[in-house]
Amino acid sequence: MPKITNLSSKIEKQLPVELVAFIQRAGKTAASQGQGLYLVGGVVRDLLLGQTNLDLDLVVEGNAIELAQHLAKINRGKITTHPRFNTAKLQWNKWSVDLATARSETYAKPGALPTVKPGSINNDLFRRDFTINAMAIELNPSRYGELIDLYGGRDDLEHKLICVLHEKSFTDDATRIWRGLRYEQRLDFQLEPTTIKLLKRDIPMLDTISGDRIRHEIELVLKEEFPEKVLHRAEELGVLPKLSPVLKGNGWLAEKFEQARQISLPNPPPVGLYLALLVYPLTNKETEPLISFLRLPKSLAQTLRDAISIKAKLPSLADPELSRSSIYRLLHSYSLQAVTANSLACESPMARRHIQLFLNKLRYVKPALTGNDLKRMGIAPGPRMKEILQRLHEARLDGKVKSKKGEVKLVEEWVN
Ligand code: ATP
Ligand code: MG
């Protein structure tokens with residue numbers, strides 16, 4: 001007989017009271033409808049690790065939508081349902097909980113989306129990526145808090161191992177390769193030796209995954225606390241070259257990512273800044289295939305292109321005699337994240353100083369006079385007015401004029 005582990009006191013200690021009350025009520029409601037209810041996945045892993053995780057995933061043996069509708073009435077939460085997947089989301093002001101109907105999955109071919117059938121909690125745990133993510137906690141009152149651990153997830157947590165459930169796991173779904181690297185580095189675990197072998201064997205299976213899904217995985221990597229660790233490991237295991245053969249997850253990248261975090265405080269760096277740094281060493285020609293493979297959204301793609309275009313202007317930006325208006329002219333048309341990436345990544349201290357001057361000051365400088373003011377001074381709208389406004393802007397940038405009065409004087413001089 002395996003030992004029964006009860007996690008109810010951990011649940012109470014680590015989850016907010018409202019959520020504890022909710023899952024207890026949900027367990028009772030499910031039982032009264034003759035349905036099994038379980039807490040599953042990441043939250044179980046993190047409860048055992050003693051880490052906070054407020055993303056609750058529930059699995060219902062029965063019908064998740066029916067149960068969610070019932071619970072929404074009792075708890076006055078907002079409910080969203082997806083009948084096609086038989087899942088539902090409940091939301092209150094602060095919390096949200098996902099409910100899914102227990103299912104089994106089979107893969108018709110590698111990388112395809114799975115064929116889904118209703119199933120038991122055991123089926124539902126078997127379809128999961130790693131043993132540490134394949135545990136559940138019983139929520140029905142008669143067994144409330146009992147851990148279901150069919151694949152040795154708890155042992156693997158203790159031994160700090162990331163381990164797949166079966167040898168076709170990465171073949172079925174190669175996005176698990178990126179997921180595995182992410183958990184390994186986030187938790188400071190090790191991929192278990194057989195899992196590493198399977199992972200390496202199945203690296204070619206990444207070709208079966210669409211660019212959209214890979215982009216999603218990369219976004220998740222970049223949301224980790226230290227994405228550079230995942231990228232480094234991806235390089236070491238030969239996964240990174242699948243994105244682009246020229247990408248590097250080296251010490252340079254780690255240093256730049258750390259600086260990106262420092263300047264973004266108190267927020268994490270935006271994805272665009274991280275990505276711009278990742279592709280920074282690449283040429284335009286090397287970046288384009290990556291942009292199209294990942295189907296990056298327009299603005300993100302522009303940020304990467306801009307980051308590399310600015311690189312070509314660094315020799316000009318490194319000129320110590322460069323006027324402020326020239327610095328502005330060189331940089332103003334590019335995305336801010338691309339300019340920021342260059343301030344971190346460029347080699348020349350002088351160019352860096354100029355880029356920082358742009359970011360901290362120059363980009364905010366505007367002339368005091370507007371088009372309307374000029375109209376009142378008798379200048380008709382048109383190319384002439386545009387040129388005057390631009391010259392005023394330059395005079396402001398270069399400190400040749402400091403007040404509205406001064407601007408008026410300048411304009412009068414030019415017009416006469
Ligand atoms: P995180 O803290 O990163 O959110 P998580 O474990 O909650 O970790 P999710 O991506 O939110 O991860 O997914 C929830 C659960 O769904 C996982 O714990 C895992 O059991 C399962 N899962 C997610 N993606 C896959 C996949 N590609 N293959 C198999 N199981 C998966
Ligand atoms: Mg999650």
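Which of the 15 residues around ligand 1 come nearest? They are Arg45, Asp173, Arg176, Tyr183 and Arg186; a residue counts as near if one of its heavy atoms lies within 4 Å of the molecule.

This is a predicted model, where local features need pLDDT of at least 70 and side-chain atom pairs count only at pLDDT 80 or more, while totals for chains, interfaces and linings use all residues. Residues are numbered from 1 along each chain as its sequence is written, chains are lettered from A and ligands numbered from 1 in the order in which they are written, and side-chain values use heavy atoms, with hydrogens and water left out.

Start with the polar contacts, pairs of N or O atoms within 3.5 Å. Aspartate 173 places a polar side-chain atom 2.8 Å from a nitrogen atom of ligand 1. Arginine 179 has one 3.0 Å from an oxygen atom of the ligand. For arginine 186, a side-chain N or O atom is 2.7 Å from a ligand oxygen. The protein covers 75% of the 590 Å² of accessible area that ligand 1 has on its own (Shrake-Rupley method, 1.4 Å probe).

Now the shell. Helices here are DSSP runs of H or I, at least four residues, numbered from the N terminus. Both α3 (42-49) and α8 (175-187) supply at least two shell residues. The largest share, 6 residues, comes from α8. By class, the shell holds 10 charged, 4 polar and 1 nonpolar residues; Asp, Glu, Lys and Arg count as charged, Ala, Val, Leu, Ile, Met, Phe, Trp, Tyr, Cys and Pro as nonpolar, and the others, Gly among them, as polar.

Terms used
Polar contact = N/O pair within 3.5 Å; in protein donor to acceptor, adjacent residues only side chain to side chain.
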